[in-house]
Structure formats: C-alpha cells, structure tokens
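Subject: Handing over the model

Hi,

Here is the structure I promised to pass on. Please open it first, then read my notes below.

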Amino acid sequence: MQILTVAIRVVQQVVKDKRTLAFMLLAPVFVLSLLYFIMTGSSADPHMGAVDLDESLEEALEEEANVTEYASTDQAMAAMENQKIDAYFYMDEDKPYIEIEGADVTKKSPVLQAVQGALQSYQKTRAEDKKADAEEMKEELKPVLKKVQQQTGESLDVDFPDMDISMKEPEVHYLYNDKDADLFDQVSPALMGFFIFLFVFLIAGISFLRERTTGTLERTLATPLKRSSIVFGYFLGFFLFVATQTVIIQITIVDILGVDRLGNYWLLLFMNLVVATVALSLGLLLSTFARTEFQLLQFIPVAVIPQFFFSGVFDLSNAPTWVKMISDIMPLSYATSALQNVMIRGYGFTDIANDFDVLIGFTIVFIILNMLVLKRQRAA
Amino acid sequence: MIEVKNLQQTFGRTTVLQDIDFSIKKGEIVGLLGPSGSGKTTLIKTLIGMLKPSKGEVYVLGTPQPSLKPMKDIGYMAQTDALYEELSAKANLAYFGRLYGLHGKRLKEQIHACLSFVDLDKEAKKSVRKYSGGMKRRLSLAISLIHQPQLIFLDEPTVGVDPALKRTFWDEFDHLRNQGISFLISTHVMDEADRCDRILLINHSNLLDAGTPDKIKETYGSIEEAFLKAGVAACKS
C-alpha cells in the first residue's frame, strides 16, 4: 500500500513534468535514428591512386573506386600525404601492393574491398583473354596439323593445358550477418543496451536526487513509511516510464530502422527491461552520493561511459587480463552479451540465463545498498 | 510525551548538542529559542527519529528513539518547504495522508479540514510551483496536521506568513493544545515566544535555560535579552 502510494506520486510528478516526459520518450529515438543514418550512410567509393597498372586492371579498379593515375609511387605517396587519395595500388613483378593512408580506419575496408573486387574481375577477364588466345592458336594450328596428318598419316593433337590462370576466388562466408550487414546492425544490440541504461540512469538518478535536495525525501521519511517501501515505490513508479521508454527504443531499432533480428522479439524486450531495471537501481543508488545534479552528471564518465567500452562495441579478446576483470564487474557487459546473443545469434532464454542471473544479482545488490544508505537519512 | 536525558549529538568532530535534558508534557506548547546554528533543527530531527543520538536517551510517546513506532502520532514541519512542486496542494496532502495510513472518506475529510485551516481551499488544485512563499509555508503546516498527530514539531513555522494569518495559526495551536496535543516550536520571533507555555533557550549546542516566558523575562529582563544573550554566548564559544 505504501509502495503504491509512493509509486502513484512518482507517476503523477513525471506526467506533470512535460519536458522530462518528452525527454524520456523522444530523446532515445532521436539519438538512435541519428546514429543509424550516420553509421549506415552508404560509404562513398574510396579515392585511390593507380601507378603504372595494366590497362584492364585499371579499368577493373575504376569500377570499384575513384581512380587517379600517377606516374610513380613517389607521386602517389605525395598525393596520399596530402590526403588527395585514401590509398594507392601498384604491381611489382605480378605481386599487387596496396598502400593505405590508414589514419581514417573507416576507409580501410572500402579500399580493400575495392582492390579485391578489381583483382577478381581482372583475373577473370585475363583468364577469358587467355582462353580466347588459346582457341585462336588452336584454330591457327589446325591447317598445320592437318598438313602434318596428311603427310605422315598420323593423327596429331595438340593439347593445350588449362589456361585458367586465375587464383581460386576467395570464398567468404558469414556466420551470422549477411554480406550487407553494416556497422549499425552489428553494434545495435550494444547501443540499445547502452542508451536504455544511460537514459534510465539519468532520469531515475536525477528524480531521486531532487527529492533529496528539496527535502521531500526527508519529509517522506518523517512518516511511518518503511525505507524499503520508498525504494520499491520509486522502482515501481519509474518502471512504468522505463518500460515505455524501452519499448519505444526497441520499436525504433527493430521495427522502424529495420535492424536484422534473429531472436524472439519478446525475449529481446524482456532483456531490455532487465537492463533498464539494473540502470534504475544503480541510478537511485548513485544519486545518494551526489549532492547536486551537477555531481550526479559527474558519475556519467565514471560509471556509465566506461561500461560502453565493455559493451561489445570494441573487441576485447586481446585485452589484458585486468581489463577483462573490469569488464566482469560491469553490468552492461552482461547486458550486451545477452542482447547480442538474442538479437544477432537468435539464442533462446536458456542460452542467456547466466547473463540474466548476473543482471538480477546486480539489481538486488544495488537495491539492498540503497536501503542501507538511506539510513543516513533516517536512523530508524 | 517527550523525555530527553543527557542527549549528545556529534557529527565527526563537531558537537552539535550536548548535555540536553528536558521533558515536554501532554498539552503544552514549548518554544525552542536560539540563534541560528545553535542546534535547534538537529534537536528536532533527533526527537522525531531521523537522527540517532550519539549519547543519552530520547523517549518520545514512551518509545526510545529512533523508532518508526511513534511516527504515526508525530507531525513535522521542516524548516524548508518540502513540497512536490509539480503536484497540486491537494495531491501533496493526499500523498502524505496516505503515507500516514489515511484513506477513503477520512482522508478526504482531513484534506478538506487542513486546507480550510490554512486558508488554501481556493488554490487547492493549483500546482505548488505557482504558490507564493507564504502559501507554501501554510501548505507545509497543513501537511504536518493531516493525520491528527499527538505531538507536533514545527521548525520555524511562521516565516513568510502574514501577521493576521500568524495569529490564526497561534489561536489554532492554542485550540489543539487544549485538546491535549503537545507542540515543540522553534522560532526567532519574540511575540511567538511569548505565547508559549514554556521556553527552551538553546545556545551553541547547550541548553542555556528553560522556563515559562515570565520566568525567562525575570531572569534576563526580556525575551529579546535572553535571545541576545544566547547569541553572545554562541559567539564566545
């Protein structure tokens, strides 16, 4: 009953505060859509230099990239240093060489793709040319062979060995994403988890903090209300908005932006709500250690941003052990792992049960700590 | 109703209250007089059970504090208005009323009674953000009365309240006192001190004196003198 009283009041407050309500519901949609358009914007063809290339190879390359011809590698290098081209390509004794500028890592894979594509089509045309040459030679040789046959009475056949000089085409298989999966598809589970976490943390933290700074928390505690009731009441009241926000974020990513999803929609939603719950409990807890809104914001670079690094956007498989240990105490690393497994790999609940348990564990610990620190507000 | 024995309250190395002994009987209005920083608010917070005494014993309504048990019979008005500004006066009262366990018809009646007591019936549905300072003070007082407590703690209740309304407040306090309700009211204002049954004169962390307004006047010449003396003592220590 007391829990419900607190929850109802929290809901009334948020509904009256139109701006917070709008922030809570629209900001994630705005940020995620923006990110989507930035990350999926069709990358322009790379600018490449070509030094003394075989004509047909250069033609093939022009199909894949904007090509500028240079007379020497030195000239090409100079152009690259001036950032006129992203890379240049030359052949040395039939061995292809690519020099890439490299400062802009996003340009790396388009360049490699372009070169690979060019080499493939070049080899294909070269093989076809060779084959045609061979056929031609065969035709030319025919009368000679005939003559020989007539003169010697022996049948003579010239066999041309297989003229196919092309290397075997590399076969590329994708385990989960198909070929045109872009960066956004890959990191969207992590982004979804992170933004749900960030927004929930902010709103819950600031609301609870304001309760402390305006004295309403103290006044509320000067009633027969149990400490646990205020924590759970807050939890319940905010959960309504947090759930709405989570649904909106998921609809934005999955339904509107159309990010590929293999796993069950409702399992994904359930996990997102779990993530929101952890953020809610952490936001309420950390707000206790801030005296002002400004101080609460200072927790973002300390408690929220680092979690983003461990959220699976960056590959940590080669990171030192201590970094991995930090990752192990970050709620968001479990959240992202679960979200990625559901969204990209299509796992079921049993596969992510471990992550789920850890997240629930974090929530319980945060809530218990929160009740303990509230003792500073009221002794009994 | 209240029994304080040898109370000491320290935060880290600062001693905020020491050697405090007094009691408050049923149906009396006790004024808590002292300069700012003398420990009035800390004393009130200790009495309502927000703070645990560092030393000594505090009994409120027969229960040693801190405890949740006497909370339902305690009314409290903090020094700063602790109101939910987004909500209306009515919603604020309903929230606190429910926390005290009121509901249904009784809650409605109490909200109505408290609103008309502080003369806010007409603005009951306005959000508190639009209230003036005095209106907020009145609403805070209404909240402290919502559950008809036996013991009421008011921390500087009449700041920003106009003289006519202040008189109404005190008439109502007298009325409630005659029904057996006890008050502890901290104040800066001399004419309010005069209307108390007893005065606790507090200087920097010590209980300087206690007695009826007449006795205080006798000892110090006037309540102003007593107040000034407490202030001087605070400066010296």
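At roughly what angle do the axes of helix α2 (residues 18-40) of chain A and helix α8 (residues 227-256) of chain A cross? They cross at roughly 25°, and the axes come within 9 Å. Axes here are lines fitted to C-alpha atoms, for helices over the stretch in contact, and angles run from 0 to 180 degrees between N-to-C directions. That makes α2(A) roughly parallel to α8(A). (Angles under 35 degrees count as roughly parallel, over 145 as roughly antiparallel, 65 to 115 as roughly perpendicular and the rest as oblique.)

Some ground rules before going on. This is a predicted model, where local features need pLDDT of at least 70, side-chain atom pairs count only at pLDDT 80 or more, and totals for chains, interfaces and linings use all residues. Residues are numbered from 1 along each chain as its sequence is written, while chains are lettered from A and ligands numbered from 1 in the order in which they are written. Helices (H or I, at least four residues) and strands (E, at least two) are DSSP runs, numbered from the N terminus.

**Chain A: helix pairs**

Back to the pair above. α2(A) passes α8(A) in a right-handed crossing. (A crossing is left-handed if the near helix is turned anticlockwise from the far one by less than a right angle, and right-handed if clockwise.) From α2(A), the residues in the contact include Met24(A), Leu25(A) and Pro28(A). Among those they meet in α8(A) are Phe241(A), Ile248(A) and Ile249(A). Two residues are in contact if their C-beta atoms, placed from the backbone, lie within 7 Å. The residues of this contact divide into 9 nonpolar, 4 polar and no charged. (Ala, Val, Leu, Ile, Met, Phe, Trp, Tyr, Cys and Pro count as nonpolar, Asp, Glu, Lys and Arg as charged, and the others, Gly among them, as polar.)

Now take helix α13 (residues 331-343) and helix α14 (residues 349-373) of chain A. Their axes are 9 Å apart and they pack at an angle of about 150°. α13(A) and α14(A) are therefore roughly antiparallel to each other. Their crossing is left-handed. Tyr334(A) and Ala338(A) are among the α13(A) residues in the contact, and Phe356(A) and Leu359(A) among those of α14(A). By class, this contact has 10 nonpolar, 2 polar and 2 charged residues.

**Chain A: Leu286**

Leu286(A) sits in helix α9 (residues 265-287) of chain A. Is Leu286(A) buried or exposed? It counts as buried, with 23 C-beta neighbours inside 10 Å. (Buried means 20 or more other C-beta atoms within 10 Å of a residue's own, exposed 12 or fewer, and partly exposed in between; C-beta atoms are placed from the backbone.) Setting aside neighbours within four places in sequence, Leu286(A) is in contact with Gly205(A), Phe299(A) and Ala303(A). Its C-alpha atom is 9.7 Å from that of Phe208(A), 78 residues apart along the chain.

**Chain B and the interface**

Chain B has 8 helices and 10 strands. Its radius of gyration is 18 Å, close to the 18 Å that the globule rule gives for 237 residues, so chain B is as compact as a globular protein of that length. (The radius is taken over C-alpha atoms; the rule is 2.2 Å times the number of residues to the power 0.38.) Buried residues make up 47% of the 237 residues in chain B.

How many residues of chain B are in contact with chain A? There are 25, and they touch 21 residues of chain A. Helix α2 (residues 89-99) of chain B gives the most to the chain B side, with 5 residues.

α2(B) also packs against helix α3 (residues 104-117) of chain B, at an angle of about 130° and with axes 10 Å apart. α2(B) and α3(B) are therefore oblique to each other.

Most residues other than glycine have a negative phi, and most peptide bonds are trans.

- Gln65(B) and Pro66(B) are joined by a cis peptide bond, with omega about 0°.
- Asp19(B), not a glycine, has a positive phi of about 50°. Asp19(B) lies in strand β2 (residues 14-24) of chain B and is exposed, with 12 other C-beta atoms within 10 Å.
- Glu156(B) has a positive phi, near 50°. Glu156(B) is buried, with 21 other C-beta atoms within 10 Å.

Best wishes
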